[in-house]
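Colleague: I am new to this structure and would like to go through it step by step. Could you show it to me before we begin?

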Amino acid sequence: MVHALTHVVYTTPRLVRVRSACVGAIELTGLTRRFGERLVLNGLSLSVPAGASLAVLGRNGAGKTTLLRVLATLLAPHAGNVSVLGEELPRRGWAVRGRLGFLGHEPLLYRELSGRENLSYHARLHGVGPQRVEQVLAAVGMARRGDDPVRSLSRGMVQRLAVARAVLHAPEILLLDEPRSNLDPAGSELIEGLIGRPAGLTRVLTSHDPEAALAEADLVLALEGGRAAYLGAPEGIDAAQIKELYR
Amino acid sequence: MSGATEVETASAGASADTPRPPGTLATAAAILRKDLTVELRTFETVPAMAIFTVATFVIFHFGLQRDTLSGQLAAGVLAVSLLFAAILGTNRLFVAEREQGGFDGFLLAPVDRSAMFLAKAAALFLYMAVLELVAVPAFALFAGPPRLGSALGGLVLFLALADIAFAVIGTLVSALAVHTRARDLIGPIIGLPLQIPALICFALGTGHLFTLHGSQTPPGEWLLILGLYDVVNALLAYAVFDFLLEE
């Protein structure tokens with residue numbers, strides 16, 4: 001069931017285009033990660049060309065979030081090789097941190113601070129100017145509520161701020177863990193230009209909505225028990241296989 | 001400005017404004033500023049420390065059944081009360097980082113991780129200094145040591161050096177304990193023994209100041225030992241702190 005990635009790259013027109021720009025923004029070879037005795041990622045190998053979007057599907061506990069956290073340098077692999085933007089992780093993690101945008105389950109925002117204060121704090125950590133804070137606040141439609149404490153905002157608003165935080169430093173790779181959760185259609189549309197396909201960035205995204213994920217993916221990785229149950233073009237996986245994946 | 005235009009502006013700003021990672025001190029300043037803002041909004045740490053310290057003086061006052069304390073006894077009461085208050089502050093030092101994703105937000109930034117140590121130690125030092133503005137008058141009220149007024153200069157020196165020890169060791173232990181389940185227990189269990197040398201120096205040095213016929217000059221040897229203890233701990237903590245933030 002596992003497809004060879006090279007085959008996918010050369011037969012998907014969209015990917016042929018991005019491949020010519022740069023190959024392998026993300027390269028995994030035999031990535032293994034445990035939590036205690038439990039093997040969460042088991043010998044995962046794949047390559048994501050620059051500018052491509054990889055959708056990671058799988059039921060709860062399949063290893064999606066763990067994969068994103070390894071790529072974000074927040075978790076170290078226990079075996080295998082991980083290369084992001086040509087830098088080997090975790091050894092050269094410092095070299096890629098400022099080039100990754102991570103949107104996880106938690107918004108990574110302080111509840112007692114306002115959205116503007118939170119973004120200004122992250123801007124200082126990334127060496128980004130205050131003008132950029134206003135730009136991203138406006139882009140996610142939070143400029144007017146930017147001075148309200150995060151604890152007083154709705155979940156959708158907090159998610160929009162989290163998106164603003166993730167793209168604040170203009171990352172080259174976006175690692176998105178269910179990025180549209182808590183967002184209404186208007187909110188989802190608002191962030192499309194920042195983290196969706198129009199952003200033109202290399203993306204790894206997870207979703208519990210397979211149809212939506214497939215629609216914006218160049219590559220699909222279906223995880224089952226930490227292994228790649230499917231790796232290939234979105235066209236190569238059908239509804240029955242997806243249903244089976246989530247059973 | 002329409003949503004689409006704002007997104008375009010955000011993207012344009014991103015490419016024009018290349019982020020430059022801040023230095024260690026700038027990063028530490030950003031974290032400290034954030035911590036102090038959160039503390040000023042919530043008043044969760046310093047007031048708790050102050051109330052605890054005053055309550056301890058009251059307990060000693062009634063427990064010892066003496067209106068005035070002098071010499072080693074007065075110094076011991078002050079030292080122990082401040083040390084326990086420091087432990088209280090230590091336990092709360094990383095709460096926001098742990099509960100609100102502050103660690104991940106920080107670890108994703110391309111910054112020197114030792115900056116977190118500098119910022120947290122500075123925050124705890126400032127908390128102790130503010131606490132002592134309340135604690136020393138309360139100590140005078142409930143313990144009434146002789147010659148407190150004339151000994152104030154020496155006492156401030158001892159307090160400053162002891163606060164550095166409390167802050168440095170407290171930050172190190174708190175970072176060690178924060179990822180464990182028994183964090184509230186581990187902090188005091190590891191931290192208290194490490195603080196004993198500072199406690200001894202402080203108590204012996206200030207005991208001399210609180211003696212009726214003692215010299216008004218602070219005993220230099222105890223100041224020196226306390227200062228050396230601070231330097232050794234600060235260097236040690238700075239060297240190992242990076243590893244404590246690793247998963």
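Modeller: Two strands pair if DSSP finds at least two bridges between them, and strands are DSSP runs of E of at least two residues, while helices are runs of H or I of at least four, both numbered from the N terminus. This is a predicted model, in which local features need pLDDT of at least 70 and side-chain atom pairs count only at pLDDT 80 or more, whereas totals for chains, interfaces and linings use all residues. Residues are numbered from 1 along each chain as its sequence is written, and chains are lettered from A and ligands numbered from 1 in the order in which they are written.

Colleague: What is the order of the open sheet of six strands in chain A?

Modeller: The pairing in this sheet is mixed. Strand S6 (100–103) and strand S10 (227–232) of chain A each have a single partner strand, so one side of each is left without a neighbour in the sheet. The order in chain A is S6-S7-S8-S3-S9-S10.

Colleague: Which residue in S9(A) stands opposite A:Leu54?

Modeller: Strand S3 (residues 53–57) of chain A runs parallel to strand S9 (residues 219–224) of chain A, and four bridges join them. Opposite A:Leu54 stands A:Leu219.

Colleague: How many helices does chain B have?

Modeller: Chain B has zero strands, and from the N terminus on its elements run α-α-α-α-α-α-α-α-α-α. The C-alpha trace of chain B spans about 75 × 35 × 35 Å along its principal axes. The number of helices in chain B is ten.
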